[in-house]
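Open the structure in your viewer and keep the selection tool at hand. The stops below say what to select and what is there.

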Amino acid sequence: MTTTPFPSTTVGILGGGQLARMLALAGAPLGLRFLVMDTVGDACAGQCAPLLVGDYTDENALAEFAGKIDVATFDFENVPAQSAEWLAGKVPVYPNPRALAIAQDRFAEKSLFRALEIPVGEFAVVNSREELDAAVAKIGLPCIMKTRRLGYDGKGQFRIKTQADVDTAWQALGAQADKVGLIVEAFIPFQREVSVVAVRGRDGEFRAWPLTENWHVDGVLSASLAPSREDVGLAMTAQAYAQRLADALDYVGVFALEMFVRDGALLANEMAPRVHNSGHWTIEGAETSQFENHLRAVLGLPLGSTHMRGSACMLNWIGELPARNAVLEEAAGHWHDYGKPPRAGRKVGHATLRADSEAELAEALQRVGAALGREAQVAPVIERLS
Ligand code: AMP
């Protein structure tokens, strides 16, 4: 008689946002239980799994969390690396704290890309106003100053277009130099943005979903299309970079490698050490979703196929949800409400449209965009599909 390797396993998730929520939803058919830890009591994953409220730096809270779970993972990559290390002394933690620490720091991450010969734009660390001047002189204009740590969705960034912007940039972000560090990057005049969402198992097995093309508005993901319309060679190169990175970090779980496409070549932007917004389409668009495969990976279970049928487009709902019926009326339209109160700039839900052909997907996007008054959001995807 064979027994399941993890009878009534409880997966602990640090961070209780929509990613934890979708992990809990994906884990239910596998018979998994969850405990989510967040700093706030109304974290939206708490609607789908028990929630422990506590500070990630509070050892008592972490000890209580560790005592109730079999394995820990993340919905939020900015959990302090020391907390992840501490937890790893009590329970298995995937991805490992070193991978998390590198992915938390734009300088460490870009330095690793370079060491692994994954192409990356020019960058320099900035600790003072003098170093900012030197970095701008070396990298040239335009460029972008970003916080090394704790930046996400375009937050903690300042675009430096002219020499006059250097002062303003320092006024805006200079105080962060001592707190979270700063980095200056060359501005990449990219044609497109793509991401590889991939999974690596405990045994090193690697699988990637088809390359995804992404559109951002004000630094926040607005739409994703899979498979991207890049040529096969570029998609294979992107996946090879992702595998090189995952192997180097001995990474376990799902991650995303975000890249720019410029003149037919790839330049890495950043890595997200967790399930990723540009992989939400996999819930209905792929044989196995990123959420299920992340759980399979952290539990040492066989990984599922990342194969997809047809094409899929994910539309993010930022700030507030539109009316859902236009999506529900589609033959393959799927609605995800994260259960969050509306707030400007907040990711409150998404929709995924799937179709057997790109032409049908474009038609579905046209209908949904018009019905919801979201023509501008769907337009670049429709144009790309035409
Ligand atoms: P990030 O937080 O680094 O993912 O940046 C958010 C978005 O800002 C990216 O998805 C790009 O659209 C844009 N962006 C960030 N860095 C650069 C860069 N070096 N050059 C051009 N655009 C950038």
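Start with the ligand and select isoleucine 188: one of its backbone N or O atoms lies 2.8 Å from a nitrogen atom of the ligand. This is a polar contact, that is, a pair of N or O atoms within 3.5 Å; within protein, one must be able to donate a hydrogen and the other to accept it, and residues adjacent in sequence count only if both atoms are side-chain atoms. The protein covers 96% of the 470 Å² of accessible area that the ligand has on its own. Such areas come from the Shrake-Rupley method with a 1.4 Å probe, and for residues only the protein chains shown count as cover.

Before going on, note that this is a predicted model, in which local features need pLDDT of at least 70 and side-chain atom pairs count only at pLDDT 80 or more, while totals for chains, interfaces and linings use all residues. Residues are numbered from 1 along each chain as its sequence is written, and side-chain values use heavy atoms, with hydrogens and water left out.

Next, select the side chain of glutamate 270, which has an N or O atom 2.7 Å from an oxygen atom of the ligand. For histidine 216, a side-chain N or O atom is 3.4 Å from a ligand oxygen.

Now widen the selection to the whole shell. It holds 17 residues, the closest being Lys146, Gln157, Ile188, Glu193 and Glu270; a residue is near the ligand if one of its heavy atoms lies within 4 Å of it. Coloured by type, the shell divides into six nonpolar, five polar and six charged residues. Here Ala, Val, Leu, Ile, Met, Phe, Trp, Tyr, Cys and Pro count as nonpolar, Asp, Glu, Lys and Arg as charged, and the others, Gly among them, as polar.

Which strands each supply at least two residues of this shell? They are E6 (143-147), E7 (157-160), E8 (182-186) and E14 (265-272). Strands (E, at least two residues) and helices (H or I, at least four) are DSSP runs, numbered from the N terminus.

Then colour the chain by domain: domain 1 (10-93), domain 2 (122-186) and domain 3 (192-385), with bounds from an automatic or database domain assignment. Domains 2 and 3 each give at least three residues to the ligand shell. The centres of domain 1 and domain 2, taken over C-alpha atoms, are 33 Å apart.

The next stop is the salt bridges, each a side-chain nitrogen of Lys or Arg within 4 Å of a carboxyl oxygen of Asp or Glu. The count by this rule is 21. Select glutamate 185 and lysine 110, whose side chains form one at 2.9 Å, N to O. This pair joins distant parts of the chain, 75 residues apart: glutamate 185 is in strand E8 and lysine 110 in helix H5 (residues 106-115). Both residues are buried, where buried means under 20% relative accessible area, exposed over 50%, and partly exposed in between (1.4 Å probe, protein chains only).

Then select Arg192, Glu213, Glu230 and Arg384 together, which are linked in a network of salt bridges.

Finish at glutamine 377 in helix H13 (residues 375-385). Is glutamine 377 buried or exposed? Its relative accessibility is 12%, so glutamine 377 counts as buried. A polar atom of its side chain lies 2.9 Å from the backbone oxygen of asparagine 316.
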